[in-house]
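Trainee: I would like to learn how to read the features of a model like this one. Can we take them one at a time?

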Amino acid sequence: MTLHIIGIGLNTEKDITLKGLEILRQCDKIYLENYTSLLQCSVSDLEKLYGKKVISADRITTEQKDQEIVEEARKKDVAFLVVGDPFSATTHIELFKLAKEKNVPVKVIHNASILTAVGITGLQLYKFGQTTSIPFLEEHPNLETPYNVLKENQERGLHTLFLLDLKPEKNKFMTVNEALDILEKIEEQKQENIIKKNTLVIGCARLGSDDALIKAGPLEKIKRCDFGKPPHCLIIPGKMHFMEEELLQLYTKGL
Ligand SMILES: C[S@@+](CC[C@H](N)C(=O)[O-])C[C@H]1O[C@@H](n2cnc3c(N)ncnc32)[C@H](O)[C@@H]1O
């Protein structure tokens with residue numbers, strides 16, 4: 001029997017690959033990790049399409065149950081569903097590693113990820129530097145990492161993708177506006193002139209969905225935009241090729 005780690009894409013139940021769907025329809029048990037990202041559909045929408053019960057697993061359940069899930073997969077076919085691609089967040093490599101260590105067969109079905117969907121901005125994916133996360137300040141009052149990563153990427157002319165914190169159990173999802181606020185607060189502390197009112201920033205919301213929204217412009221204008229429902233992410237471009245600049249122009253309209 002096998003542990004199938006299946007990426008289900010960025011948007012709705014229909015974003016799973018055909019291969020992923022065929023495999024999970026044959027699985028005895030299906031877990032969904034629902035704490036590192038957010039779909040635009042409900043668990044019952046997934047269940048309807050899959051024709052199977054889906055067990056939602058929060059962070060604590062998954063981390064505590066890693067061993068149990070792997071042991072279950074020794075005797076049954078178990079699917080572990082991840083929003084986006086399984087390996088674009090660091091979280092799920094542990095489950096994969098554990099299965100390998102325990103000699104439990106493990107297979108991975110890839111899918112689209114936020115790390116590739118940002119290509120729609122026109123910025124070339126291979127010119128992104130280190131991706132960084134912006135956590136809620138309450139838990140990280142002395143936060144500096146995203147600012148320092150941005151500084152290093154900028155020094156090398158590379159683009160920076162910021163993934164924004166989310167607490168689905170509290171229905172709390174960081175917006176582009178909050179993220180910019182946090183970066184400005186760090187700038188106030190550090191005063192290294194990395195974040196300015198006219199810094200070019202790109203806010204993205206719900207990429208992969210029909211109502212995806214992308215807006216590019218100076219920080220002070222983007223901060224006033226309403227990006228609507230989560231999830232959101234933020235990009236600060238590095239040195240741009242003229243073709244990147246041309247495509248980005250599409251997203252500056254109506255600011
Ligand atoms: C840990 S990452 C998601 C990793 C996921 N496995 C993947 O492959 O996309 C979660 C963060 O990515 C961003 N994100 C995820 N999906 C998004 C989307 N469709 N549009 C905009 N941002 C998104 C948000 O900032 C969210 O908090």
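Trainee: Which polar backbone atom is 2.8 Å from a nitrogen atom of the ligand?

Mentor: For a polar contact, look for a pair of N or O atoms within 3.5 Å. In this predicted model, a polar backbone atom of valine 83 is found 2.8 Å from a nitrogen of the ligand.

Trainee: Which residues place a backbone N or O atom by an oxygen atom of the ligand?

Mentor: Isoleucine 114 has a backbone N or O atom 2.9 Å from a ligand oxygen. For leucine 164, the distance from a backbone N or O atom to an oxygen of the ligand is 2.5 Å.

Trainee: How many residues are around the ligand, and which come nearest?

Mentor: There are 18 residues around the ligand, and those that come nearest are Val83, Ser88, Ser113, Leu164 and His232.

Trainee: Let us turn to helix packing. What describes two packed helices?

Mentor: Two packed helices are described by the angle between their axes and by the distance between those axes. Here, helix 6 (residues 145-155) packs with helix 7 (residues 176-190) at an angle of about 80°, and their axes are 9 Å apart. An angle of 65 to 115 degrees counts as roughly perpendicular, so helix 6 and helix 7 are roughly perpendicular to each other.

Trainee: Which residues make the contact?

Mentor: Helix 6 contributes Pro146, Tyr147 and Asn148, while helix 7 contributes Leu183, Ile186, Glu187 and Lys190. Sorted by class, the contact of helix 6 with helix 7 has four nonpolar residues, one polar and two charged.

Trainee: Asparagine 177 also lies in helix 7. Is asparagine 177 buried or exposed?

Mentor: Buried means under 20% relative accessible area. Asparagine 177 has 19%, so it is buried. A polar atom of the asparagine 177 side chain lies 2.9 Å from the backbone oxygen of lysine 223. Leaving aside neighbours within four places in sequence, asparagine 177 is in contact with Ile222, Lys223, Arg224, Cys225 and Phe227.

Trainee: And leucine 248: where is it found, and is it buried or exposed?

Mentor: Leucine 248 is found in helix 9 (residues 242-249), and with a relative accessible area of 4% it is buried. Not counting residues up to four places away in sequence, leucine 248 touches Thr121, Leu200, Ile202, Ala216, Pro237 and Met240. Take alanine 216 as an example: it is 32 residues from leucine 248 along the chain, and their C-alpha atoms are separated by 7.0 Å.

Trainee: Next, the backbone. What do most phi angles and peptide bonds look like?

Mentor: Most residues other than glycine have a negative phi, and most peptide bonds are trans. In this model, a cis peptide bond joins proline 230 and proline 231, with omega about 0°. Proline 231 lies in the loop between helix 8 (219-222) and strand 12 (232-236).

Trainee: Which residues have a positive phi although they are not glycine?

Mentor: Asparagine 171 is one of them, with a phi of about 55°. Arginine 206 has a positive phi of about 50°.

Trainee: Where do asparagine 171 and arginine 206 lie, and is each buried or exposed?

Mentor: Asparagine 171 is in the loop between strand 8 (166-167) and strand 9 (172-173). The relative accessible area of asparagine 171 is 64%, so asparagine 171 is exposed. Arginine 206 is in the loop between strand 10 (200-205) and strand 11 (213-218), but at 7% relative accessibility arginine 206 counts as buried.

Trainee: What about alanine 212: where does it lie, and what does it touch?

Mentor: Alanine 212 lies in the loop between strand 10 and strand 11. Its relative accessible area is 35%, so alanine 212 is partly exposed. Not counting residues up to four places away in sequence, alanine 212 touches Ala205, Arg206 and Leu207. From C-alpha to C-alpha, alanine 212 and glutamate 68 are 37 Å apart in space, and they are 144 residues apart in sequence.

Trainee: Finally, is glutamate 101 buried or exposed?

Mentor: Glutamate 101, in helix 4 (residues 93-101), counts as exposed at 51% relative accessibility.

Conventions: Residues numbered from 1 in each chain as written. Predicted model: local features only at pLDDT ≥ 70, side-chain atom pairs only at ≥ 80, totals over all residues. Heavy atoms only, no water. Axes fitted to C-alpha atoms, helices over the stretch in contact; angles between N-to-C directions. Helix = DSSP H or I, 4+ residues; strand = E, 2+ residues; numbered from the N terminus. Parallel < 35°, antiparallel > 145°, perpendicular 65-115°, else oblique. Contact = heavy atoms within 4.5 Å. Nonpolar A, V, L, I, M, F, W, Y, C, P; charged D, E, K, R; others polar. Buried < 20%, exposed > 50% of the residue type's maximum accessible area, 1.4 Å probe, protein only. Near = heavy atom within 4 Å. Polar contact = N/O pair within 3.5 Å; in protein donor to acceptor, adjacent residues only side chain to side chain.
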